[in-house]
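My plan is to go from the overall build to single residues.

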Amino acid sequence: MINEFKDFIAKGNVMDMAVGIIIGAAFTAIVSSLVGDLINPIIGLVSGGVDFTNKYAVLAGEVPAGASLEAAREAGASIFAYGSFIMAVINFLIIAFVVFMLVKMVNRAKDAAAKEEEAAPEAPKGPTQEELLAEILVALKK
C-alpha cells in the first residue's frame with residue numbers, strides 16, 4: 001500500500017494538480033482584490049454608490065428601523081439577507097468576466113506563438129530512404 005501511495009504521489013499529474021491548486025489559491029486572492037478594491041468602487045461610482053449588502057427582510061424578531069444587517073443579526077432576529085446574495089452574484093459575474101478576459105488573452109498569446117512556429121521555414125530535407133534505394137537500384141541496373 002505504501003508503494004502504491006509513492007507511485008501515486010510520484011506521478012506527474014498529481015504534482016501538476018498540486019501546483020495548480022496552490023497557484024489557484026494565490027490567483028483567487030489577486031482576483032478578489034481586483035474585484036473588491038478596483039472594479040467594485042468604479043461600479044459604485046458609476047451606479048451612484050448602490051450597495052445591496054445591507055438590504056434584508058426581517059422574518060421574525062425585533063429590529064430597530066434602519067439598522068444595518070450586522071446589527072439585525074446581533075439583535076437575534078431571523079432575517080432574509082437578499083442583499084448579500086445579490087452582491088455575491090454581482091461579484092461572481094465580475095470575477096467570471098475577469099477570468100474570461102484573462103483566458104482569452106492567454107489563448108491569444110498561445111495562438112500567436114503557434115503561428116510563429118508554423119511560419120518558421122523548415123530546413124531542407126535530404127532524400128528519403130525510398131529515394132536512396134531507388135537511386136541505388138538505377139545505379140545497379142546500369
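I read the elements of the protein chain from the N terminus on, and they run α-α-β-α-β-α-α. I count 5 helices and 2 strands. I took helices (H or I, at least four residues) and strands (E, at least two) as DSSP runs, numbered from the N terminus.

I note that this is a predicted model, where local features need pLDDT of at least 70, side-chain atom pairs count only at pLDDT 80 or more, and totals for chains, interfaces and linings use all residues. Residues are numbered from 1 along each chain as its sequence is written, and side-chain values use heavy atoms, with hydrogens and water left out.

Overall dimensions next. I find a radius of gyration of 31 Å for the protein chain, whereas a compact globule of 142 residues would have one near 14 Å. That radius is taken over C-alpha atoms, and the globule rule is 2.2 Å times the number of residues to the power 0.38. Along the principal axes, the C-alpha atoms fill a box of roughly 110 × 55 × 20 Å.

I looked up burial. Of the 142 residues, 11% are buried (under 20% relative accessible area; exposed is over 50%, partly exposed in between; 1.4 Å probe, protein chains only). The accessible surface comes to about 11,600 Å², and 67% of it belongs to carbon and sulfur atoms. The areas come from the Shrake-Rupley method with a 1.4 Å probe, and for residues only the protein chains shown count as cover.

Which residues form the largest nonpolar core? I list Tyr-56, Ala-67, Leu-69, Ala-72, Ala-77 and Ile-79. Such a core is a set of buried Ala, Val, Leu, Ile, Met, Phe, Trp, Tyr and Cys residues joined through side-chain atoms within 4.5 Å. I then checked Leu-69: beyond its neighbours within four places in sequence, Leu-69 is in contact (heavy atoms within 4.5 Å) with Thr-53, Asn-54, Tyr-56, Ile-79, Ala-81 and Ser-84.

Ala-71 lies in helix 3, residues 69-74. Is Ala-71 buried or partly exposed? Ala-71 is partly exposed, because its relative accessible area is 32%. Its C-alpha atom is 10.0 Å from that of Asn-54, 17 residues apart along the chain.

I moved on to helix 4. Leu-102 is found there. I call Leu-102 partly exposed because its relative accessible area is 31%.

My last entry is Lys-125, in the loop between helix 4 and helix 5 (129-141). Lys-125 has a relative accessible area of 71%, so I call it exposed. From C-alpha to C-alpha, Lys-125 and Ala-113 are 24 Å apart in space and 12 residues apart in sequence.
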